[in-house]
Amino acid sequence: MNNSGIDVVIPEHLQYEGKDPITARRIATERDHYLEATYYSNQQVFERDEIKTIYNTILIDEIQDYKPEWIKIIRSNFLAEDGEMLLFGDEKQNIYNRALDGERRSKVVEGFGTWIKLTKSYRYTFQSPIIPLVDSFQKSFLLKDYQLDSDESFQLSLTSIGLQAYTTFDRKKIAELAAHIIKIAKEYSIHPNDISVISSQEIVLRELDYVLRNSNSHKERTLCTFPSLEVSEHPKYVKKYQEISASKKKGFNLNSGVLKLSSTHSFKGFESPLIFLLVNNNDAPEMVFTGLTRAKENVVIFLENGSRYFDFFTKHMTKLEGNGDTRIQ
């Protein structure tokens, strides 16, 4: 839209700079609906404007996150007449609850033929225990709603290769969570550049990031996909939160040399040697599955008390002792 000179205009009644969270959320929801209807899913949005670049090939990843209207807009306006458009996706990472077709595949748009299943994973090293863990999670929580897949190049029982463990956390005791993460990293001699902490809840990550950077016992350098706690509470910057947030996402670098924190939504498409996955009690299976598949070699699960996933991880992973002790039972 920028390239075509289309101005995105937000009506005054959909702009809010106050501090009341309930009002802010309500107006943000109304604003999202307006932008979707007026611009993002409006198939006539480019009707009167010049398209400056037409492509012979368009490749789209994470297709399960797209709405059918978005694909139609791209295909109708940006694909050459004899061009090729190829879609990639995994419907089990359907964290936005997009529609599925009769075969429980991503329902995108007609005219693309049938889905071709890719069976070999290139993310994981040979004998990685992540693959059987993910496969078991699919069978336990996603079998009813989706067609399952697995890496057919090998099958391996979950072993003690690397660091594969779970424990619980209390979001009211973020300092203990931070200390536990640092202790694990030190005991296993894992470089901060190889560590990413992800969660569906940015509010938890913001508090965790603050403690990691400012604790008396450790002052860890971090990189986040979201504004810091200081920025989110500062009266000068709170009005520019969305702008700052977009900048943080754009500047996110996996090889920054420091420990990284990200929402699960923002970390889609990324991967990390070690993932600390904070599983919140309201996380859907698709959200947990997406988090699990971000880990290349090692994954440590932190479950909120009372988690419906507790029995699964008890069965499939080793347990870390509590109180900051990282010894595996």
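What follows is a working chat about a predicted model of one protein chain.

Me: Quick overview first. How many helices and strands in the chain?
Reply: There are 10 helices and nine strands. The chain has 329 residues, and 43% of them are buried.

Me: What share of the contacts comes from residues 24 or more positions apart?
Reply: It is 73%, counted among contacts with a separation of 6 or more.

Me: Which elements have the lowest and the highest mean pLDDT?
Reply: Helix α7, residues 241-250, is lowest at 82. Strand β4, residues 195-199, is highest at 97.

Me: And where does pLDDT stay under 50?
Reply: Residues 151-161 are one such stretch. The model gives that stretch 24 contacts beyond four places in sequence. Residues 323-329 are also below 50, with 21 contacts beyond near neighbours in sequence.

Me: OK, on to the sheet. What is the strand order in the seven-stranded one?
Reply: The order is β5-β6-β4-β7-β8-β3-β9. The sheet is open and the pairing is parallel.

Me: Which strands are at the edges?
Reply: β5 (222-224) and β9 (318-319). Each of them pairs on one side only.

Me: Let's look at β4. How many bridges does β4 share with β7?
Reply: Five, in the parallel sense. On β4's pairing with β6, which is also parallel, there are four bridges.

Me: What does I198 pair with in β6?
Reply: S262 is its bridge partner there. In β7, I198 stands opposite L277.

Me: Is β4 covered or open, and how many of its residues are buried?
Reply: Mostly covered: five of its five residues are buried. I195, V197 and S199 point one way, while S196 and I198 point the other way.

Me: Now the packing. How many residues are in the largest nonpolar core?
Reply: It has 28 residues. V197, L208, L261, F276, L278 and F302 have the most contacts inside this core. Nonpolar side chains tend to be buried together in soluble globular proteins.

Me: Which elements supply at least two residues of this core?
Reply: β3 (164-169), α4 (174-187), β4, α5 (202-214), β6 (259-263), β7 (272-279) and β8 (295-304). α4 gives the most, with seven residues.

Me: What does L208 touch?
Reply: Leaving out residues up to four places away in sequence, L208 touches I174, L177, A178, I181, V197, L261 and L278.

Me: How many residues does the second core have?
Reply: The second core is separate and has 25 residues. Among them are L142, V258, L277 and V299.

Me: Back to α4. Which of its residues are buried?
Reply: I174, L177, A178, H180, I181, I182, I184 and A185. Their cover includes β3, β4, α5, β6, β7 and β8.

Me: How far does α4 reach from its first C-alpha to its last?
Reply: It reaches 20 Å over 14 residues. That is close to the 20 Å expected at 1.5 Å a residue.

Me: What follows α4?
Reply: S189 does, and its phi is positive, near 55°.

Me: New topic: how are β1 and β2 joined?
Reply: Five bridges join β1 (residues 55-60) to β2 (residues 79-87), and the strands run parallel. One of the pairs is I58 with M85 in β2.

Me: What unit do those strands make with helix α2?
Reply: A right-handed β-α-β unit, with α2 spanning residues 68-78.

Me: Last one, S140. Where does S140 lie?
Reply: In helix α3, residues 130-142.

Me: Why is S140 classed as partly exposed?
Reply: Because its relative accessible area is 44%, which falls between the 20% cut-off for buried and the 50% cut-off for exposed.

Me: How far apart are S140 and F312?
Reply: They are 172 residues apart in sequence, yet 8.0 Å apart in space, C-alpha to C-alpha.

Methods. Residues are numbered from 1 along each chain as its sequence is written. This is a predicted model: local features need pLDDT of at least 70, side-chain atom pairs count only at pLDDT 80 or more; totals for chains, interfaces and linings use all residues. Side-chain values use heavy atoms; hydrogens and water are left out. Two strands pair if DSSP finds at least two bridges between them. A crossover is right-handed if, with the strands pointing away from the viewer, the path from the first strand over the helix to the second runs clockwise. pLDDT is the predictor's confidence in each residue, from 0 to 100. Contact means heavy atoms within 4.5 Å. A nonpolar core is a set of buried Ala, Val, Leu, Ile, Met, Phe, Trp, Tyr and Cys residues joined through side-chain atoms within 4.5 Å. Buried means under 20% relative accessible area, exposed over 50%, partly exposed in between (1.4 Å probe, protein chains only). The expected span of a helix is 1.5 Å times one less than its number of residues.
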